[in-house]
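Please open the structure in your viewer and keep the sequence beside it. The tour below goes from one selection to the next and says what is found at each stop.

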Amino acid sequence: MVMKEMSDEELQHLAEQGGAKNENLSFVEKEELMAYQNLFKSLHAEPAEGLPFNFAANVRRKVQQQAAMKGDLKFQFILLFIFTSILAAAFGLLQFISPAATEQLTSISPPLKWSAGLAVLMFWCVNLLTTGVQGLNKFGKQQ
Amino acid sequence: MFDEKEIVKRIVKDDFRAFELLVKQYEKLVFYVVHRLVQGQHNKEDICQDVFIKVYQNIGKFQFQSKLSTWIARIAYLTAVDYTRKSKKDFFLEYPDDIDRYHFTDENPEEELIQKDAAAYINSIIEQMPIQYQTVITLYHLNEFSCAEIQDITGIPEGTVKSYLFRARKLMKEKMQKDINKNGYERNE
């Protein structure tokens with residue numbers, strides 16, 4: 001009577017269980033089983049190279065810096081919002097207290113008005129840019 | 001002991017020390033996933049860093065419906081696949097549509113040199129296989145995820161994971177046997 005040879009699926013299953021109860025196997029099956037066991041052993045081996053020992057600290061620093069930069073940018077926008085709100089409130093109050101003074105203010109020559117507005121906007125943009133450059137420099141140094 | 005829930009809670013409250021602990025705990029897992037799918041040590045490190053930044057940015061959304069390791073491995077897998085797809089536009093065209101018919105070629109002059117180092121030899125064999133095979137082999141054998149977890153990580157149905165795993169291992173075993181016989185024959189000559 002010819003014994004049915006084990007399939008690859010059965011051999012893989014047996015190899016995963018450590019190849020126990022293999023005394024009833026034929027020579028060919030034992031060879032195949034050993035080949036699978038060797039393969040599994042190699043597949044479990046850790047890669048030779050890995051991440052640097054300070055990897056976790058580097059990632060933490062990067063995330064911390066990104067969070068700080070995000071916070072700085074948020075602060076800049078809050079600053080702009082507060083400034084425009086104060087300006088609008090002051091203008092509204094002036095209009096309420098003295099409409100004549102408000103009219104006088106709005107009649108200032110347009111170039112002067114635009115220059116003042118532009119100066120404020122430029123100051124804010126420079127601030128924003130500085131925050132961004134500082135953030136990028138920090139990343140550069142860290143990397 | 002590493003308490004996942006406690007660590008996540010602390011990270012959500014911007015505790016960077018807790019985040020560093022999480023990175024230390026899972027850096028090996030992420031590296032193993034990225035290692036087989038991406039070429040070049042420098043790229044691997046950058047991708048691992050990207051993975052953990054994504055983990056930090058999204059940890060607030062993690063609801064503990066799966067294990068934290070499975071969730072992180074999924075981010076690592078998707079990031080590595082995305083990177084590989086971008087860096088090699090024809091990446092998915094390199095492999096046959098029907099990967100069940102995939103087979104190794106014998107045309108590799110460097111193979112003999114690599115065979116001297118068992119680990120490098122195994123890696124070189126894995127690198128030649130389709131990405132689906134590389135992924136299931138790595139996640140199952142190196143990261144020791146179950147087939148169900150691999151389904152959660154990759155989105156490949158569990159039955160297909162099992163089939164890829166079986167076929168990849170069979171192909172690798174045959175390739176190794178063939179190479180051993182070839183080397184033995186050449187030495188005898």
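Begin with chain B of this predicted model, where 10 residues of domain 1 are in contact with 12 residues of domain 2. To see the two parts separately, colour residues 1-91 of chain B as domain 1 and residues 95-189 as domain 2, which is how the domain assignment divides the chain.

Stay with the side of domain 1 of chain B that touches domain 2, and select α2 (16-37) and α4 (68-87) of chain B, the elements that give two or more residues to that side. Of these, α2(B) gives the most, with 5 residues. Sorted by class, this side of domain 1 of chain B is made of 6 nonpolar, 2 polar and 2 charged residues.

Next, keep α2(B) and α4(B) selected and look at how these helices lie against each other. How do their axes cross, and at roughly what angle? The axes of α2(B) and α4(B) come within 9 Å and cross at roughly 30°; since angles under 35 degrees count as roughly parallel, α2(B) and α4(B) are therefore roughly parallel to each other. The crossing in which α2(B) passes α4(B) is right-handed.

Now show the side chains at this contact. On α2(B), select Y26(B), L29(B), V30(B), V33(B), V34(B) and L37(B); on α4(B), their partners in the contact are S69(B), I72(B), A73(B), A76(B), Y77(B), A80(B), V81(B) and T84(B). If you colour these residues by class, you will find 12 nonpolar and 2 polar residues in the contact of α2(B) with α4(B), and no charged ones.

The next stop is helix α1 of chain B, residues 4-12, whose axis comes within 8 Å of the axis of α2(B) and crosses it at roughly 135°. With that angle, α1(B) and α2(B) are therefore oblique to each other, and α1(B) passes α2(B) in a left-handed crossing. Select I7(B), R10(B) and I11(B) in α1(B), and then A18(B), F19(B), L21(B) and L22(B) in α2(B), which they meet. The contact of α1(B) with α2(B) holds 6 nonpolar residues and 1 charged residue, with no polar residues.

Zoom out until the whole of chain B is in view. Its secondary structure comes to 9 helices and 0 strands, and of its 189 residues, 29% count as buried. Among contacts in chain B between residues at least 6 apart in sequence, 63% join residues at least 24 apart.

Then turn to chain A, which has 5 helices and 0 strands. Of the 143 residues of chain A, 9% count as buried, while residues 24 or more positions apart account for 49% of the contacts in chain A with a separation of 6 or more.

Notes
Residues numbered from 1 in each chain as written. Chains lettered and ligands numbered in written order. Predicted model: local features only at pLDDT ≥ 70, side-chain atom pairs only at ≥ 80, totals over all residues. Domains from an automatic or database assignment. Contact = placed C-beta atoms within 7 Å. Helix = DSSP H or I, 4+ residues; strand = E, 2+ residues; numbered from the N terminus. Nonpolar A, V, L, I, M, F, W, Y, C, P; charged D, E, K, R; others polar. Axes fitted to C-alpha atoms, helices over the stretch in contact; angles between N-to-C directions. Parallel < 35°, antiparallel > 145°, perpendicular 65-115°, else oblique. Left-handed = near helix turned anticlockwise from the far one by under 90°. Buried ≥ 20, exposed ≤ 12 C-beta atoms within 10 Å, placed from the backbone.
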